[in-house]
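These are my notebook entries on a structure that I had not examined before. I set down what I looked up, topic by topic.

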Amino acid sequence: MPKFQAPRGTRDLLPSERAVFMRLEGLARDLAMRYGFAPLETPMFEGSAVFERGVGEVTDVVEKELFRVQAGRGESERERWALRPEPTAGICRAYVQHGMRTWPQPVKLTMTGPMFRYDRPQAGRYRQFWQFDVEAIGDPGPAIDAEVIELAMAFYAAAGLDDVQVLVNSIGDATCRPVYVEELRAWFGRHRDALPELERARLESNPLRLLDSKDERMAPLIAEAPTITDHLCADCQAHFDGLLTHLAGVSIEPRVEPTLVRGLDYYTRTAFEFYRPGAEGQQQALGGGGRYDGLVELLGGQPTPGIGFGLGLDRVVMALAEQEGRPAPEPWRPAVVVVGADPDDTVVRLQLATELRGAGLACRADLTGRRLGKQLDGAAKAGAHFAVICGDELDSGHVQVKDLQAGTQRQVDVTELARDLVRANTQHRHGGDG
Ligand code: HAM
């Protein structure tokens with residue numbers, strides 16, 4: 001085994017997997033912009049307080065999974081930073097810092113990139129993973145909640161996953177949640193002896209988190225525990241009803257899931273997660289999100305409502321691989337390879353390839369000094385459809401164009417070559433055989 005390996009819980013995205021990610025990133029960018037979300041990029045690390053305050057001190061993400069970064073030599077110079085475990089807190093920090101509340105509201109922002117959590121690595125759970133994130137800040141909903149969920153569903157469908165289901169819940173607000181949390185604390189308190197140790201500690205600090213426990217021993221208790229859905233105040237109930245009405249309006253049939261509470265502290269009211277049927281386990285969410293009406297204020301801004309989602313691209317890629325089993329696209333494969341009868345005449349091959357790339361073709365020149373036969377073998381192995389063969393005809397301004405798949409060959413005037421190959425390549429791509 002080589003001495004140096006990618007760190008545990010991370011992986012190299014090799015070309016075929018990276019190509020699938022790039023397709024998803026492109027879809028994410030195009031769809032988000034069509035829905036009016038503008039791109040932004042926040043740093044991959046922030047002052048740790050942004051996450052401690054924003055995501056919450058008593059969450060797995062902050063308690064156990066934050067990648068803390070220390071830099072600076074002396075104690076006084078040393079700052080406390082952390083790699084971003086998720087984008088929402090950083091985006092809200094940026095909203096406050098740049099005075100975005102003076103922009104037309106809601107401010108709709110999108111970002112796609114790597115996130116970092118020091119989690120126990122397993123299938124679909126990495127220490128560096130990718131999220132497609134959108135945030136709509138400044139609109140109390142509930143119509144926009146449905147719009148955001150519909151955008152996520154449109155993304156999954158465009159990606160090629162058409163059986164994704166959305167689970168929704170309302171987790172109340174500052175009026176009704178505290179009453180519920182106390183009831184929950186009392187209820188779990190009566191079952192204290194059955195609680196695993198970590199959950200017992202959480203009973204005091206954050207009882208809501210018990211509902212989101214990854215410990216299997218908790219499942220029967222969670223099923224019995226009182227639900228927030230039965231404790232919503234009138235405003236939260238009206239908001240939740242509004243969400244369901246708007247979802248129905250865009251033909252989305254959610255599954256209402258009263259135990260869905262999400263793992264981050266900033267949520268209020270709407271909470272949702274996306275799953276494939278039969279994969280509704282804690283570890284399998286394809287994405288999730290919700291409303292965070294108190295987050296901007298927690299980070300030093302004015303009270304401002306917000307909602308968004310983060311979709312896990314790694315998990316979408318895994319689901320696609322399970323579903324399709326078809327080879328990933330490889331857009332870097334050349335359509336054309338320029339080869340030559342005189343192995344040493346690399347100048348002319350480089351010139352022709354440069355010209356063909358200028359015309360928009362994916363083209364590679366064989367710049368090795370190997371024999372023509374080997375060059376042609378190499379072109380076929382690279383998956384090229386055409387080989388341009390430079391031989392003696394060059395003296396009269398011609399080359400041979402070989403169709404490597406059909407096995408046919410014809411002579412083409414060099415001045416016509418680019419136009420000819422662009423046309424042939426388009427016909428090939430639209431011919432349904434590639
Ligand atoms: P989250 O549920 O923590 O929410 O993460 C969103 C998605 O990221 C998950 O559903 C999952 O697909 C993916 N994910 C999370 N952790 C990992 C991991 N270790 N490995 C692979 N994929 C993972 C958030 O992060 C919120 N910021 C979403 C949000 C945006 N809420 C409002 N706006």
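Predicted model: local features only at pLDDT ≥ 70, side-chain atom pairs only at ≥ 80, totals over all residues.

I began with Pro 106, which I located in the loop between helix H4 (88–97) and strand E5 (107–116). The peptide bond from Gln 105 to Pro 106 is cis, and I noted its omega as near -5°.

I then turned to Pro 142, which I found in the loop between E6 and H5. Gly 141 and Pro 142 are joined by a cis peptide bond, for which I recorded an omega of about 10°.

My next backbone entry concerns Ser 251. This residue is not a glycine, yet I read a positive phi of about 60° for it. I placed Ser 251 in the loop between helix H9 (234–249) and strand E8 (255–256). The reason for the entry is that most residues other than glycine have a negative phi.

I next looked up a pair of helices. Two packed helices are described by the angle between their axes and the distance between the axes. For helix H1 (residues 15–34) and helix H5 (residues 143–159), I noted an angle of about 145° and axes 10 Å apart. The crossing of H1 past H5 is right-handed.

Which residues of H1 and H5 meet? From H1 I listed Arg 23, Leu 24, Leu 27, Ala 28 and Leu 31; from H5 I listed Leu 151, Ala 154, Phe 155, Ala 158 and Ala 159. Sorted by class, this contact of H1 with H5 comprises 9 nonpolar residues, 1 charged residue and no polar ones.

How many residues surround the ligand? I recorded 28, of which the closest are Glu 86, Thr 88, Tyr 126, Tyr 267 and Ala 285. The shell around the ligand divides into 10 nonpolar, 10 polar and 8 charged residues. Strand E6 (128–137), strand E10 (287–291) and strand E11 (306–312) each contribute at least two residues to this shell.

I also looked up distances from backbone atoms to oxygen atoms of the ligand. For a backbone N or O atom of Leu 286, I noted 3.4 Å to a ligand oxygen. For Gly 287, a backbone N or O atom lies 3.3 Å from a ligand oxygen. A polar backbone atom of Gly 312 is 3.4 Å from an oxygen atom of the ligand. My last entry is that the ligand, taken alone, exposes 650 Å², of which the protein buries 96%.

Terms used:
Residues numbered from 1 in each chain as written. Heavy atoms only, no water. Near = heavy atom within 4 Å. Polar contact = N/O pair within 3.5 Å; in protein donor to acceptor, adjacent residues only side chain to side chain. Areas by Shrake-Rupley, 256 points an atom, 1.4 Å probe, with all protein chains shown as cover. Helix = DSSP H or I, 4+ residues; strand = E, 2+ residues; numbered from the N terminus. Nonpolar A, V, L, I, M, F, W, Y, C, P; charged D, E, K, R; others polar. Axes fitted to C-alpha atoms, helices over the stretch in contact; angles between N-to-C directions. Left-handed = near helix turned anticlockwise from the far one by under 90°. Contact = heavy atoms within 4.5 Å.
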